[in-house]
Amino acid sequence: MWGSPPGVKRTVNFITSILAVVSKDVRSELRTRYAMNALLMFVVTSVATILFALRDDDVSTEVLSGMFWVVIFFTAMSGLSRIFISEEERGTTMTLQLVASPSVVYLGKLIFNAGLTLALSSAVTLLYLIAFPAFIIKSMEIFTITIFLGSLGFAAAATIIAAIIAKASTKGTLYPVLSFPILIPLLMTVMKSTARALDGELFTAALGEFQVLVSYLMIMVAGSYLLFDYVWKE
Amino acid sequence: MNSISITVNGVAKDFNRRTIFKDISFSLSSPGSMAITGKNGAGKSTLSKILAGLVSATRGSIAYSIDGRPMGIEEFKHHIGFVSPYLNLYDEFTAIENLKILSRIRTVSHTNDERIRDMLLLVGLWNRRDDIVGTFSSGMKQRLKYTFALLHTPPVLILDEPTSNLDDEGMEIVKHIMQEQLKSNILVIATNNREEAHGCTQQLHVGPLPHVGISSGG
Amino acid sequence: MKIIKYLSIACITCVIVAGIAIPMVPQPHSWLEFPVIPGLEDKARNIFFHVPVAWASVLGFLVALYYGFRYLRSKDLDDDLKSVSSAGLGTMFCVLATVTGSLWAKFNWGSFWNWDPRETSIFILLLIYGAYFALRSALGSDEVRARLSAVYSILAGLTAPFFIFIMPRIVGGLHPGAKGDTAGSTPVAQLHMSPNMRFIFFMGIIGFSLLFVWLLNMRIRVARIEYHLSKNEN
């Protein structure tokens with residue numbers, strides 16, 4: 001660009017590349033519809049199973065909150081690994097390596113997964129509101145921030161693990177095994193925070209949890225960004 | 001025209017407690033070409049992948065530079081075009097979608113619709129541009145790989161098995177591409193085809209005793 | 001290495017003798033008497049064994065993490081060898097810590113498992129070790145296995161601060177030194193012991209650390225021999 005310093009141009013290219021990666025994955029998903037259908041069915045069947053198990057039982061907010069995130073965890077586990085496994089299965093990993101630097105690939109895939117997880121949590125929220133009369137969100141602010149930060153944190157951890165297992169043989173079963181220990185701090189915190197939202201506590205009561213969620217997100221993204229080179233490049 | 005140079009120093013590759021090759025050293029500068037030969041499984045493909053920056057060497061180093069300015073592989077890779085039997089394009093997109101999407105990810109300036117058209121015409125796939133790549137034959141996929149490799153006018157072309165899956169017409173196209181590249185740029189081919197290998201100024205045989213030999217011809 | 005071997009044997013023997021033989025009296029007069037800790041009494045002796053073992057399991061992880069990190073920079077498979085040897089040893093100590101801890105819990109608080117923060121932490125460490133080895137067994141080539149397991153151990157290490165500092169605050173616990181116990185201090189070790197107890201305790205820590213080093217050294221030597229044998233076969 002005439003008159004524009006090279007640093008600016010490089011940043012613009014960087015961002016354009018990342019968005020192009022996201023766009024590719026979105027278009028690919030729309031074209032094939034692999035993940036969306038499977039995930040949707042998974043969410044519906046999980047919620048239905050829990051519904052049958054609990055029925056009219058008087059459930060505490062902690063249990064509801066826990067079950068909520070259990071569904072999200074397992075749905076995420078069945079869907080978030082696709083972005084890397086699909087590249088490995090179709091042999092297009094090499095193609096991506098030729099056109100983009102590892103950071104571009106990582107950030108692009110992360111953004112895609114973040115969007116996917118947000119959509120997922122929203123869907124589960126909707127289903128829970130419909131299926132469980134006891135699921136009443138009394139503190140909307142706590143709930144929305146929890147869902148938002150929780151989904152992003154989920155995506156951050158899940159994406160790097162997905163990149164790792166894409167190179168392994170027993171991908172499907174290995175994914176939850178590797179992800180669970182890493183996600184435990186996140187899960188414990190969001191379950192607590194969601195319970196608070198259901199109990200209608202004050203916003204300030206959840207600040208401790210929000211601090212944890214934000215620091216988890218930052219550490220996971222920073223760590224994954226630095227480590228991704230070692231996972232992606234042979 | 002830019003002057004490109006690639007210097008390989010003491011490169012070795014181990015895999016699963018076995019050394020595939022070692023002590024590989026050579027130098028290439030534009031215009032220049034090298035043929036990597038060797039038995040099946042000797043490591044020709046691996047070496048070409050290492051040159052293209054797809055695989056890292058266990059030992060040794062590779063120095064890339066343009067006009068005397070040294071460059072890391074992350075920057076240099078946009079000056080490399082790579083074709084290989086292991087390369088795949090996206091089966092769910094059409095030919096032209098593949099090229100557009102991939103060039104957008106690469107974000108290198110001189111790839112516009114006109115260039116895409118010229119390249120597709122060059123390999124004879126222009127009339128199949130809106131067909132899903134998943135429906136292509138292996139020969140057509142090979143031709144499409146060349147479009148992908150040449151789209152960003154790379155001064156370095158690395159071709160692993162240049163004519164695999166190609167019919168006579170395809171082979172002619174590739175021969176033409178290689179000759180064009182030889183004029184002022186760098187060409188590296190990994191092949192067992194003696195005729196192709198003889199067209200290069202340098203030859204490297206990968207095997208128990210790798211050595212660089214300058215062969216006559218060119 | 002001989003020094004470490006003998007020193008470790010000496011330390012641990014000392015700890016065993018002192019830990020079991022020294023009587024616990026309400027008003028200790030000489031150095032060879034321990035004070036009675038209300039609520040724990042004789043069961044407090046477990047501290048000399050259980051905590052050092054738990055410490056060794058954490059040590060195993062830290063060493064594995066260190067050598068994993070070293071591998072990523074050096075690409076020398078010997079570093080990976082050291083990493084996995086340490087992880088194996090750490091797993092063994094982790095199992096021991098979980099079992100001894102569980103037995104102590106049964107005698108002290110009535111049930112084998114209670115999900116208090118420290119129990120949960122050692123369990124999570126066990127999960128991490130399990131995931132580490134599951135990942136390794138699912139990867140084909142030496143280089144990929146070394147690289148990816150190093151990355152995973154670093155990721156797991158990144159989540160460690162969350163366990164150590166945040167959990168005991170969020171969740172109250174049974175362990176001495178947890179949120180509910182005002183007499184305790186740091187999250188890791190309760191330090192309100194009398195000086196002679198502290199002496200024996202630290203001797204135990206040192207003894208087990210030295211034992212760890214000794215065992216690790218043996219494991220590394222065996223692994224190296226195995227590696228060179230299989231390399232020569234090729």
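Me: What makes strand E1 (residues 4-15) of chain B a partner of E2(B)?
Reply: Two strands pair if DSSP finds at least two bridges between them, and here eight bridges join E1(B) to E2(B), running antiparallel. The pair therefore meets the rule. One such bridge links B:Val8 to B:Phe26 in E2(B). Strands here are DSSP runs (E, at least two residues), and helices are runs of H or I with at least four, numbered from the N terminus.

A word on the model: it is predicted, so local features need pLDDT of at least 70 and side-chain atom pairs count only at pLDDT 80 or more, while totals for chains, interfaces and linings use all residues. Residues are numbered from 1 along each chain as its sequence is written, and chains are lettered from A in the order in which they are written, with hydrogens and water left out of side-chain values, which use heavy atoms.

Me: Why are E2 (18-29) and E5 (69-71) of chain B called edge strands?
Reply: Each pairs on one side only, in an open sheet with the order E2-E1-E4-E5 and antiparallel pairing.
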